[in-house]
Number of protein chains: 4
Amino acid sequence: MDLTGVFAPVPTPFDDQDQVDTRRLRAAFARWVNGPLTGFVVLGSNGEAALMDEDESDRVIALTREAVPSGRTFLVGTGRESTQGAIKATKRAAALGADAVLVRTPGFFKSQMTNDAFVRHYTAVADASPVPVLLYNFTAVTGVNLLPAAVSRIATHPNVIGMKESGGDLAQITDLVTGTPQDFRVLSGSGSTFYPSLCAGVDGGILALANVIPDACVRLYELFKKGKHDEARDLQQQILPLAKLLGSVYGVAGLKAALKLAGCDVGVPRPPLAPVPESGVAALKEALAACEKVAV
Amino acid sequence: MDLTGVFAPVPTPFDDQDQVDTRRLRAAFARWVNGPLTGFVVLGSNGEAALMDEDESDRVIALTREAVPSGRTFLVGTGRESTQGAIKATKRAAALGADAVLVRTPGFFKSQMTNDAFVRHYTAVADASPVPVLLYNFTAVTGVNLLPAAVSRIATHPNVIGMKESGGDLAQITDLVTGTPQDFRVLSGSGSTFYPSLCAGVDGGILALANVIPDACVRLYELFKKGKHDEARDLQQQILPLAKLLGSVYGVAGLKAALKLAGCDVGVPRPPLAPVPESGVAALKEALAACEKVAV
Amino acid sequence: MDLTGVFAPVPTPFDDQDQVDTRRLRAAFARWVNGPLTGFVVLGSNGEAALMDEDESDRVIALTREAVPSGRTFLVGTGRESTQGAIKATKRAAALGADAVLVRTPGFFKSQMTNDAFVRHYTAVADASPVPVLLYNFTAVTGVNLLPAAVSRIATHPNVIGMKESGGDLAQITDLVTGTPQDFRVLSGSGSTFYPSLCAGVDGGILALANVIPDACVRLYELFKKGKHDEARDLQQQILPLAKLLGSVYGVAGLKAALKLAGCDVGVPRPPLAPVPESGVAALKEALAACEKVAV
Amino acid sequence: MDLTGVFAPVPTPFDDQDQVDTRRLRAAFARWVNGPLTGFVVLGSNGEAALMDEDESDRVIALTREAVPSGRTFLVGTGRESTQGAIKATKRAAALGADAVLVRTPGFFKSQMTNDAFVRHYTAVADASPVPVLLYNFTAVTGVNLLPAAVSRIATHPNVIGMKESGGDLAQITDLVTGTPQDFRVLSGSGSTFYPSLCAGVDGGILALANVIPDACVRLYELFKKGKHDEARDLQQQILPLAKLLGSVYGVAGLKAALKLAGCDVGVPRPPLAPVPESGVAALKEALAACEKVAV
């Protein structure tokens, strides 16, 4: 299973009744699988998994599993607040064809989420999982931090093969890379800082941006791998405005609006999330245009 | 419906297989309903609702509804991350007999949880709910803050009757009390600061402590209402060590351990939460002993 | 020395050349000493001490010492980042007539400011000080938190007589009150929450508000002492809007603008602080008018 | 004036009486000037400037100015909380021979430190300064963040030539680099993340590490400039343990202890800072040994 390069964390389309829109999801995948991406993540943060129930989740997995051809890595987000919930979701995802699962940290009982608690949680999930497990740290949404000291303990588990780190703290990324085994894959979650994160040693990225401009993202990765650092840095700068709009500025709503502008309508986010305002659509249009020039 | 005085946010007992233990739940309620509490909250934070699935939640509501006699207010936690999830949970809770629902803020997409987002979310829930709605702000677990400026807008909805504020920020509590209508009930969630919160104007409390020492909690409330401030302050100080152990120190695990010490075994928390360590049990024993002297 | 009741943390007037304006300072004190305040703090946060050099500080102490009649407690802020700097400032303040010193925590090397570091720092200052010492915790400006666990250790020093806590965390205030000796004085720094802080056990307040509406502040304190809780709470609510404008909203600039509106021109704050904008002046005018009705 | 490559932010030696130790300072500089560093910063955070008074500061500038040969860039930290204080310190430093000044943000009145306040502050300092000005953002000590949006406004001032950013937030570093003119120099303050920061576009670093292992730091920089990214990344990893001990773990105390181990005794930090404990000395010894192997 390839865990290097660029993955798209795909959004979940909803229809006008706020229900999963399977037609749009199929249409979007028909587009995405034509690109050069290593693979896909469904039911991640950008997939609004936190806003969906278990039945919806299962349907999305089943449907997207069909859409992803073999040869592309198919990851499913199965993080839950309880250890038993994460295990159940993991087993269902495996049964539905996930190549591996991406398990976000629990984060509700923040003051109790010590290193030991994380080690216990991930060990139990990895023990029970029929497929390999990736850790997932996204402090900006969970409010907890899966520290390198905990990761280095969990990374020795034979069924734990890597992690996604969505934070942009260079020191932490460096510690993750240096504190885990050579074959443990660290994937960045931030399109705004993909190139310097690669320099810091990550193996690839799971980037909202890759849903919209997959070619540019993969090119950046390949420039880096070929040692063409100046070109990689230039490309990073050119895609930066769009990356920021899809990241810290508008999040999922920005991703969905950008996809619509790019000709792939996946609807609007589920409430309490709101669509981007008109001013945001204009900013996205401009940032997209800048990227399209690049991507030629 | 009485929304003043003291409520217990009851824990959910689990058995050795980490399943809801209905026998223990019934036994615990048989004890609690003998006390002087205004009412009960099931499926709150202390009920580990965040770690339970929808079926488990429904079973707990049904079972506890039977256990709570009329005349006591029966509140059910129905917060979910999505607006439609919160509405569904609210309708099910109402159908199962909830007197009102306590709806914790969504908190996953933190940077998008603006005042406007909260107003939209709670308005939709209150519009759809067959029973009255209480807001619930618990920043320490959600990582978002339902500010007084948003509350004062939501509080005008005819189906929103109050809120629980678990934070201890005196300025914020004061703003909540002064910025909402006279009949909007503000309930404190912190046993450590119950007396000064009453002074700041809250109408009562939903206190983990009330599961363990309900008489002392109600006495404190009544002393305050009678204007016996010195006695109230003394009582607050005597129960403070236990309140802190059940609050910021050990949380749910502390509550369950204290109940076991008090003769009411509700098991241990669901992983990734862990039971309190031996040292914690000793501290709880000491704090309980101090309270028992008081409660005579 | 009386350390109960209400103190004013007086602002430092600057002239049009951004120099200490001794004329205005004398004029302001002539006004303040007519009021019912227990005493005064010079060179606190509201005195912009952080923006002044040592010579200016000494001149302000000398001048205000003359202005404060015996019978009023005269406190001087002497916190510095280094222990030796705090000791030197303390000795100079004592030589210039301070009744006691108010020593803000150092806060620059945040990660090194452990409980042990604070205990060492305050012990050294208290050992060296010719006059009694008060601790001063103001996390919102220093970014460090002098925790109750450290305070209870320092409070046993015979030359440490109390502290000012500017935070509004009810649990922390309660811990300070219960974790220190009976004769250790805890003073609140927040006018917005003065009444509930008194309920939580503080002995008085050092309140920016007391520069502007000293009578109302003292009345609130006396109502509390007489057990007239309902009247105290009402008064607290009436002065709340002004308290907030002088506190979290505009800070020192708000205090100076309010004093000017009240007929006591102490100029504008020293850059990089800026005067309140026009909209702020209007808000202050309205809040002041509400208080004046009360104060009659 | 060269503002690329590696600078050492030199520590200030104190003697057993906690006074500036000029003999040790001269001895240390005799060592440092033999190395390949671009230049030196005196009175930065690592120089404990925040713990020193104005007279001490002036003496250190005068003494080190003599020690630094022409051809090396000599920077002096002159940040103060007040605008007028920063201007005075800047003028004195210029008179004493500073090539440029490094002006840390004010940070005391945190809630008032808006983008506008920073622009006003730095504009006033740059207008008044006889020498070029570098901005300095060190959020971990100041508690405020000089955002790229403010920097891009200030960077247009003809007397502002660059900045030091001590944070490790990749997105922010990227924004600083892309949002400022080509000839505006951005210098990193973090040895732990020097290589990836160079990839993100910084022009060099002001690194505590450069006091201890200047050759390795400069080699890393040169490897990067020559496009030898793999070697640069390897070297970064080898010096990482020492960098962390001098940075987030022990700070100034770690730097002074490491220098002593390396044969350059500059004493211990000024209280309230404390020397590193024995366990820390052992860790430093090990990390140093690892670097010495590299540096051969």
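A salt bridge is taken here as a side-chain nitrogen of Lys or Arg within 4 Å of a carboxyl oxygen of Asp or Glu. In the predicted model, Asp99(D) and Arg65(D) form such a pair, their closest N and O atoms lying 3.5 Å apart.

Over all chains, the structure holds 52 salt bridges. One of these, between the side chains of Asp175(D) and Lys244(A), has an N to O distance of 2.9 Å. Because Asp175(D) lies in helix 7 (residues 170–178) of chain D and Lys244(A) in helix 11 (residues 229–249) of chain A, this pair joins two chains. Asp175(D) counts as buried, at 18% relative accessibility, whereas Lys244(A) is partly exposed, with a relative accessible area of 28%.

Within chain D, a further salt bridge is formed by Arg80(D) and Glu54(D), whose closest N and O atoms are 2.9 Å apart. This pair also links distant parts of the chain, since Arg80(D) sits in the loop between strand 3 (73–77) and helix 3 of chain D while Glu54(D) sits in helix 2 (residues 54–67) of chain D, and the two are 26 residues apart. Glu54(D) counts as partly exposed, at 35% relative accessibility. In chain A, Glu54(A), Asp58(A), Arg80(A) and Arg92(A) are linked in a network of salt bridges.

The interface of chain D and chain C was examined next. Here 39 residues from chain D and 39 residues from chain C take part in the contact, and the two chains bury about 2700 Å² between them, with 59% of that area on carbon and sulfur atoms. Phe108(D), Phe109(D) and Pro272(D) supply 25% of the area that chain D buries against chain C, more than any other three residues. No salt bridges are counted between chain D and chain C, but there are eight residue pairs in polar contact, with both residues at pLDDT 80 or more. On the side of chain D that touches chain C, two or more residues are given by each of helix 3 (83–95), helix 4 (115–128), helix 5 (139–142), helix 11 (229–249) and helix 12 (251–261) of chain D. The residues of that side divide into 16 nonpolar, 13 polar and ten charged.

For chain A and chain B, the contact takes 39 residues from chain A and 39 residues from chain B, and about 2700 Å² is buried between the two chains, 59% of it on carbon and sulfur atoms. In chain A, the residues that lose the most area to chain B are Phe108(A), Phe109(A) and Pro272(A), which together make up 25% of what that side buries. Between chain A and chain B the count of salt bridges is zero, while eight residue pairs, both residues at pLDDT 80 or more, are in polar contact across the interface. Cys264(A) is in no disulfide, the nearest cysteine sulfur, that of Cys217(A), being 15 Å away, and Cys264(A) counts as buried at 6% relative accessibility. In chain D, the sulfur of Cys291(D) is 8.4 Å from the closest cysteine sulfur, in Cys217(D), and this is too far for a bond, given that a disulfide requires the sulfur atoms to be within 2.5 Å. Cys291(D) is itself buried, with a relative accessible area of 0%.

Thr105(C) lies in the loop between strand 4 (100–104) and helix 4 (115–128) of chain C and is buried, with a relative accessible area of 1%. When neighbours within four places in sequence are left aside, the residues in contact with Thr105(C) are Phe118(C), Tyr122(C), Tyr136(C), Asn137(C), Thr142(C), Val144(C) and Leu146(C).

Conventions: Residues numbered from 1 in each chain as written. Chains lettered and ligands numbered in written order. Predicted model: local features only at pLDDT ≥ 70, side-chain atom pairs only at ≥ 80, totals over all residues. Heavy atoms only, no water. Buried < 20%, exposed > 50% of the residue type's maximum accessible area, 1.4 Å probe, protein only. Contact = heavy atoms within 4.5 Å. Buried area = accessible area lost by both parts, 1.4 Å probe. Polar contact = N/O pair within 3.5 Å; in protein donor to acceptor, adjacent residues only side chain to side chain. Helix = DSSP H or I, 4+ residues; strand = E, 2+ residues; numbered from the N terminus. Nonpolar A, V, L, I, M, F, W, Y, C, P; charged D, E, K, R; others polar.
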